[in-house]
Amino acid sequence: MALIAYDSVDAAAFEATRHLRDDDLALWRAAISRYFEPRSGARLLDLGCGTGSWARAFRSWWPEVDVVGVEPSAAMRERAVFQPVVAGSADDVPFAEATLDGIWLSTVIHHIPDLTAAAREIRRVLKPGAPVLIRSAFAGRHGAISLFRWFPEAIVVLDRYPSIADVEASFATAGFATAGCEPVPQVSAPSVAEAAAHLRREAHTPLQLISDDAYAAGVARLKDAALTESGPVVDALDLLVLR
């Protein structure tokens, strides 16, 4: 289900808008640390790393860990804020067998056209028992994501994403089992007004895949909400962990 092939416009929008505050990164760090042990010399792959913001955070948190990035989009690699980032994909990971201590995939799983093939390849490069850490919105789980309140037409796009059960089933074919699954809250914008001011359609796959009329209607709802709602915009994405 390769929904978007990122070009330079998408990459620029992603770089400009898809960032979390330090407090929210701390919540994700705590969640990840429940499953990944950042010991000295461990090798952690950010697979589908985009412009590298997560890989950069990992290196900042755990300087003793060897963090590497793989990204299929040349446009994303050109804008990477982290190095090394090399070309590759979920079904063609450019590392030797059993050389990685963990693999992180953030908002990537819906772009993978063949989850079963990806699971086999991820199994090949991971050391035995090492975790796959998947941060994502999953089909059927839109309730904690504010974007779908303003753009309800985009729920049908989310429901084309893999569900948690879909991912579990695909990875089970390569011998993986679920080690954990939990929603992790994050502040996506300091206010609804800020969310409206900085919205970039190109940065959100569900918004790219709805009609222009549906997008315009959602923007109007968001701007109306900005006039009356105060406080931060808090969302939650799921962390699914497989071993």
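A word on ground rules before we start. This is a predicted model, so to speak of local features a pLDDT of at least 70 is needed, side-chain atom pairs count only at pLDDT 80 or more, and totals for chains, interfaces and linings use all residues. Residues are numbered from 1 along each chain as its sequence is written, and side-chain values use heavy atoms, with hydrogens and water left out.

Start with helix 3, residues 53-61. Helices (H or I, at least four residues) and strands (E, at least two) are DSSP runs here, numbered from the N terminus. The buried residues of helix 3 are Ser53, Trp54, Ala55, Ala57, Phe58 and Trp61; buried means under 20% relative accessible area, exposed over 50%, and partly exposed in between, using a 1.4 Å probe and protein chains only. What covers them? The cover includes helix 2 (22-33), strand 1 (43-47), strand 2 (66-70), strand 4 (102-106) and strand 5 (132-136).

Pick out Ala57, which lies in helix 3. Ala57 counts as buried because its relative accessibility is 8%. Its C-alpha atom is separated by 9.8 Å from that of Val67, 10 residues apart along the chain.

Now for the helix partner. Helix 2 and helix 3 pack at an angle of about 75 degrees, with their axes 12 Å apart. The axes are lines fitted to C-alpha atoms, for helices over the stretch in contact, and angles run from 0 to 180 degrees between N-to-C directions. The two helices are therefore roughly perpendicular to each other, the label for 65 to 115 degrees (under 35 is roughly parallel, over 145 roughly antiparallel, the rest oblique). Helix 2 brings Leu25, Trp28, Arg29 and Ile32 to the contact (heavy atoms within 4.5 Å), while helix 3 brings Trp54, Phe58 and Trp61. These residues divide into 6 nonpolar, no polar and 1 charged.

On to the loops. The peptide bond from Gln83 to Pro84 is cis, with omega near 5 degrees, and Pro84 sits in the loop between helix 4 (74-78) and strand 3 (85-86).

Two residues other than glycine have a positive phi: Ala98, at about 55 degrees, and Thr107, near 45 degrees. Ala98 belongs to the loop between strand 3 and strand 4, and Thr107 to the loop between strand 4 and helix 5 (115-125). Buried or partly exposed? Ala98 is partly exposed, at 35% relative accessible area, whereas Thr107 is buried, at 15%.

Note on methods
Ala, Val, Leu, Ile, Met, Phe, Trp, Tyr, Cys and Pro count as nonpolar, Asp, Glu, Lys and Arg as charged, and the others, Gly among them, as polar.
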